[in-house]
Each structure stands twice: as C-alpha cells, then as structure tokens.
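Here is a friendly note to read beside the model. Please keep the structure open and look up each residue as you reach its point.

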Amino acid sequence: MKRPIVVLTGGGTAGHVSVNEALIPVFLEKGYEVHYIGSHDGIEKELIGAGHPEVTYHAIQSGKLRRYFSMKNFSDPFKVGIGVMQAFSILKKLKPEIIFSKGGFVSVPVVLAAKLSRTPVVIHESDVTPGLANKIALPFSNHIFTVFEQTLQYVPEGKSTCTGAVIRPEIFEGVRKEGLRITGLTGEKPVFIIMGGSQGSAVLNAAVRKELPTLLKRFEVIHLCGKGNIDEALEYTAGYTQFEYVTEGLPHLLAASDYAVSRAGSNSIFELLSIHKPMLLIPLSASQSRGDQILNASLFKSLGIAAVMMEEELENSSLEEKLIELTQNKDEFILNMQHLSNTKTPEKMVELILSCKK
C-alpha cells in the first residue's frame, strides 16, 4: 500500500529549517513519506538534504525577496517563476496530502504551486510580525499557525491559530557533564554560550574577542561564531572554546551553560525559554533586517524573561557589564520563565497540521 506523502518547505536560515527537522521523525512514525522542497545552495540543503537521508530533497530555483534596491530585483522574479513551475511539477507527481511551510524565500514558489495544484498548505510564522515571504504566501494558505499571540492581528482572521513555539524534545536531553567534555571547560566559573545565528555575527564575534581576556577572568565561554569565523589564534585558550555551528551536540552545550547570549530569532529564544536559560538578546539591527528580531527581543524583555542589548551598542558599550547584570538578575528571569509555557511538542504540531487537510 502506498504511503501518504507530506511535503515540507522553508529555508534561508536555520530558523526556517529547525522546526521542520523536529517534525520529520513524527511524520515518519505516522507512516508518511516525507519530501522537502528547498533551494539548490541554501542551508536547508545542508541540514535536510545531507542530514536526513530518510527524506527526499527536491531543489528548485528561488529568487531572494529584498526590501532594498538591487539590480537582482529585476531578474529574481523570473527565478521565482521558474521555481513555481518546478514546484508545481514536483507536487503533481507526488500528490501530497498537505504542505507545511516555515517561510523563507524558497517557500514562496512552493506555496504558489500548491495553490495551482490545489494542495492544502499550512504556514508557520515564528516572529511577531510576518516575514515578507509569508506575507506573500498568506492569501494562498489554508491555515496559518503563529508562535506569538500578538501575530494574530497581522494575519487573516478565521484561518489563523496561535499554537506557541514548537520545541525539539532533544533540547531537554542535554547533559551538563557531556557538554563540559565536548567543550573542554571546567564549569568552575559561570559558563556563557554565545550564539550569533547559523551565519554568525561579525559584530558580536568582534565584541566577544575584544573583551575576551576580561570576560575569562569571571566566566567560561562557549562561542558559536558561524561558518568560516573560527579564530585560529584563540584555539586552546583556557576557558574559551569556539565552534562554527553545532546541531546534534547543542543540547549538551546548552546544559553545560548557565547563561546565553543570542540573536533574537524566535526558534532559538523559545528553546532558551523552555529550558529556563537566562539570556541576553542582541537582535539583528534594523539596518540589516526588517526589524523582526528587535520586536521579538522587546517582547521578551517586557515579559521579564530576557535582557536586551542593541547591536549598535556593542562597539562602544561593555559586553562584560551586561553579562554581570544578567548574572545578578538570574533568579528573577528564571522565576518569570517558569510561568510561561506556550509551546507545542512536535507530536501535537503534526496533529494540528494534519487536521488542516481537506
């Protein structure tokens, strides 16, 4: 008997892929054949195409969606059009029961093709306000799930539900001792994990390394600095360890950490919230983004569950002072976190997705 098929899409950043990664095992356990439509060279191909052999990966053309002037804005719509035709061909062949889209520019051709092929499609929006890709896709979706209650004012009423964040179960399975072994740290001082996102943050990396001698007098540091951003001169520095990007071992590194410094992408900060990790959020600046991370960080700050430092402050302000302040407010942050638990397990999220089938 032929297995039912589900198609997942989303890409551009790890945040657009991590929720899909959490859902894949659940769909497989339910007997579904899982296919993923992504780009030819995005991080989704690395994480899904190479990391999940049980999933069939389909690469399509996709133009980047820009809010600023670029000559590529004239050529990329043609790439999107080609991507729609490619996705439509894939969907007509597969005949999936439903499509789940996490957003990112590669998802737009897939959602448009879903409409053309009359395949039900569900969108998941992680940020307070929808990203450009999801804004374009909203009219063509059957249902929209949001992480934040506040997002419901920006999406179509009547086909939108706030479900909270989807948390990978392995996040709760980290072992401190294993994390210390992986990093070579002692844990005798408070441990900070510093995460600049899957692509890394040049500004944050520079600030950490500038103040590193001072920081290491008080703390031990796990630094996730992004692909190609390892500083070989700092290798074997006592109390400091650096990685480009960590996937499977991340729960252990988080368990070994007492505090976190992070960008303010929704998936990352909800995972930190779920394990009650006091956090300093440094959102991507408005000059480099649409400001979604600033909104996420501001909301977490207003709820008393995170401290915030703007990226522009990093050059002239002391990162050490902010970290010390975070340690002083640790108990208050953890107490506030314990009262907030708007999350969904991957199993429950899959149930909600499948309930949207025709």
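1. Start with I193, which touches I222, L224, L250, L253, L254, S257, Y259, A260 and V261, leaving aside residues up to four places away in sequence. Contact here means heavy atoms within 4.5 Å. This is a predicted model, in which local features need pLDDT of at least 70 and side-chain atom pairs count only at pLDDT 80 or more, while totals for chains, interfaces and linings use all residues. Residues are numbered from 1 along each chain as its sequence is written, and side-chain values use heavy atoms, with hydrogens and water left out.

2. I193 also belongs to the largest nonpolar core, which has 33 residues; I193, L224, F270, M279, L281 and F300 touch the most other members. Such a core is a set of buried Ala, Val, Leu, Ile, Met, Phe, Trp, Tyr and Cys residues joined through side-chain atoms within 4.5 Å. Buried means under 20% relative accessible area, exposed means over 50%, and partly exposed is in between (1.4 Å probe, protein chains only). Two or more residues each come from β9 (191–195), β10 (220–224), α8 (250–256), α9 (266–274), β13 (279–281) and α10 (292–302). Helices (H or I, at least four residues) and strands (E, at least two) are DSSP runs, numbered from the N terminus. A second, separate core of 27 residues includes V26, Y36, V55 and V350.

3. Now look at β10. Five of its five residues are buried, so β10 is largely enclosed by the rest of the structure. One side carries E220, I222 and L224, the other V221 and H223. β10 runs parallel to β9, joined by five bridges, and pairs in the parallel sense with β11 (residues 240–243) over four bridges. Two strands pair if DSSP finds at least two bridges between them. H223 is a handy landmark: I194 stands opposite H223, and H223 stands opposite Q242 in β11.

4. How many residues of α9 are buried? Eight of its nine, so to speak a mostly covered helix. Among them are I269, F270 and L272. Just after α9, H276 takes a positive phi of about 55 degrees. H276 sits in the loop between α9 and β13, and at 31% relative accessibility H276 counts as partly exposed.

5. Compare R118, in the loop between α4 and β5. Phi of R118 is near 60 degrees, a positive value in a residue other than glycine. R118 counts as exposed because its relative accessibility is 70%.

6. Next, find the open sheet of seven strands, ordered β3-β2-β1-β4-β5-β6-β7 with parallel pairing. Its edge strands, β3 (56–60) and β7 (160–162), each pair on one side only. The twist averages 20 degrees from one strand to the next. β2 (residues 33–39) pairs with β3 over five bridges, and H35 stands opposite T56 in β3.

7. Finally, two helices. The axes of α7 (residues 202–218) and α11 (residues 319–328) come within 9 Å and cross at roughly 40 degrees. That makes α7 oblique to α11. Axes are lines fitted to C-alpha atoms, for helices over the stretch in contact, and angles run from 0 to 180 degrees between N-to-C directions. Angles under 35 degrees count as roughly parallel, over 145 as roughly antiparallel, 65 to 115 as roughly perpendicular, and the rest as oblique. V208, E211, T214, L215 and R218 in α7 meet L319, E320, L323 and I324 in α11.
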